[in-house]
Amino acid sequence: MKIGIKGINRVSAAATVALTAGAVISGSVFASTAQAATLPTPTITAKGGYVMNNGTAKTLYSKAADTRRSTGSTTKIMTAKVVLSQKNLNLDSKVTIQKAYSDYIVSKGASSARLIVGDKVTVRQLLYGLMLPSGCDAAYALADKFGSGTTRAARVKSFIGKMNAQAKSLGLKNTHFDSFDGISNGSNYSTPRDLTKIASSAMKSSTFRTIVKTKSTKQKVTTKSGGYRYMSWSNTNAMLSSYSGAIGVKTGSGPAAKYCLVFASTRNGKTVIGTVLASTSATTRTADMKKIMDYSFKK
């Protein structure tokens, strides 16, 4: 069979189009693969950092992720987790605020929920006071309430024991607590990886998730005389207002801990959660976290 010149030209043209299309598709694949491979790893000021995919537990970013460091008030994530893991927990049960809690705040120069002696505050409200303004008085009240023993000291010791038991149950080998709020007696430490895992586990609680994504709240509490007052608390986690998809979790700071942040965000159905420890300021910890979260969402 004879094929004319025009027929040959049509066949050649079709082959050229197919080849060109294949090259474009192939080039796009290689380009996107190369882009993913060459995505620059961000440099952060913090001494340690870690981010993982909350759904798969895949590591997305890591810097000295297993180096033990002081954790400051990010410790309170575990405080809340222990409370929320109690059997038959009644979040509306009331706790009477003791003078010991306010004396503790004064003696330590600690962050406060400004709880007032004699007020009756629910467990749920104490959790808000714990996680939003980072109230060490709220932490003390919860440890006193949920620890076991006949004295306050015994109950606090028992509660801290529960914190360490929770860490052990999660298989964490680089975490130890000696306080209910992060004001350490010398052996309160964790790592970016461990803290991220603690937060991920805590986020399984709907109550915890609701609290840590709250920017501010006004809570009605009962006074000693039987009346009521309103307590207003704002979240120390500024990224809730400045980072797209932010859903938590907790800030921390201190002389040894420097500036810390445990953070989570959801975009397009993907939740990433991570930690930075020992950054140099509140501003740099936020900048650090934004860098590694942006990076992790692209991976």
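## Exercises on rings, strands and a buried methionine

Tyr101, Tyr104, Tyr140 and Phe180 form one aromatic cluster. The model is predicted.

**Exercise 1. Classify the ring pair of Tyr104 and Phe180, and state which parts of the chain it ties together.**

Step 1. Tyr104 and Phe180 make one of them, with 5.4 Å centre to centre and 50° between the planes.

Step 2. Planes under 30 degrees apart count as stacked and over 60 as edge-to-face; the rest are tilted. The Tyr104–Phe180 pair is therefore tilted.

Step 3. Tyr104 belongs to helix α3 (residues 99–108), while Phe180 lies in the loop between α6 (152–169) and α7. The pair therefore ties together parts 76 residues apart in sequence.

Step 4. Both Tyr104 and Phe180 are buried.

**Exercise 2. Find the strand order of the open five-stranded sheet and its edge strands.**

Step 1. The order is β2-β1-β9-β8-β7, with antiparallel pairing.

Step 2. β2 (59–63) and β7 (246–254) each have a single partner strand, so they stand at the edges. One side of each is left without a neighbour in the sheet.

Step 3. On average, neighbouring strands of this sheet are turned by 5° against each other, direction ignored.

Step 4. Now take one pairing. Strand β8 (residues 258–267) runs antiparallel to strand β9 (residues 270–279), over eight bridges. Ala264 stands opposite Ile273 in β9.

**Exercise 3. Is Met203 buried or exposed, and which residues does it touch?**

Step 1. Locate the residue. Met203 is in the loop between α7 (192–202) and α8 (206–212).

Step 2. Its relative accessible area is 8%. Buried means under 20%, so Met203 is buried.

Step 3. Leaving out residues up to four places away in sequence, Met203 touches Phe208, Arg209, Val212, Ile247, Val249, Ala264 and Ile273.

Step 4. Check one partner. Met203 and Val249 are 46 residues apart in sequence, yet 8.8 Å apart in space, C-alpha to C-alpha.

**Exercise 4. Over which rings do the charged ends of Lys145 and Lys218 sit?**

Step 1. The charged end of Lys145 sits over the ring of Phe146, 6.0 Å from its centre.

Step 2. For Lys218, the ring is that of Tyr230, with the charged end 5.9 Å from the ring centre.

Terms used
Residues numbered from 1 in each chain as written. Predicted model: local features only at pLDDT ≥ 70, side-chain atom pairs only at ≥ 80, totals over all residues. Heavy atoms only, no water. Pairing = 2+ DSSP bridges. Helix = DSSP H or I, 4+ residues; strand = E, 2+ residues; numbered from the N terminus. Axes fitted to C-alpha atoms, helices over the stretch in contact; angles between N-to-C directions. Buried < 20%, exposed > 50% of the residue type's maximum accessible area, 1.4 Å probe, protein only. Contact = heavy atoms within 4.5 Å. Phe/Tyr/Trp six-rings, centres within 6.5 Å; stacked < 30°, edge-to-face > 60°. Lys NZ or Arg CZ within 6 Å of the ring centre and 35° of its normal.
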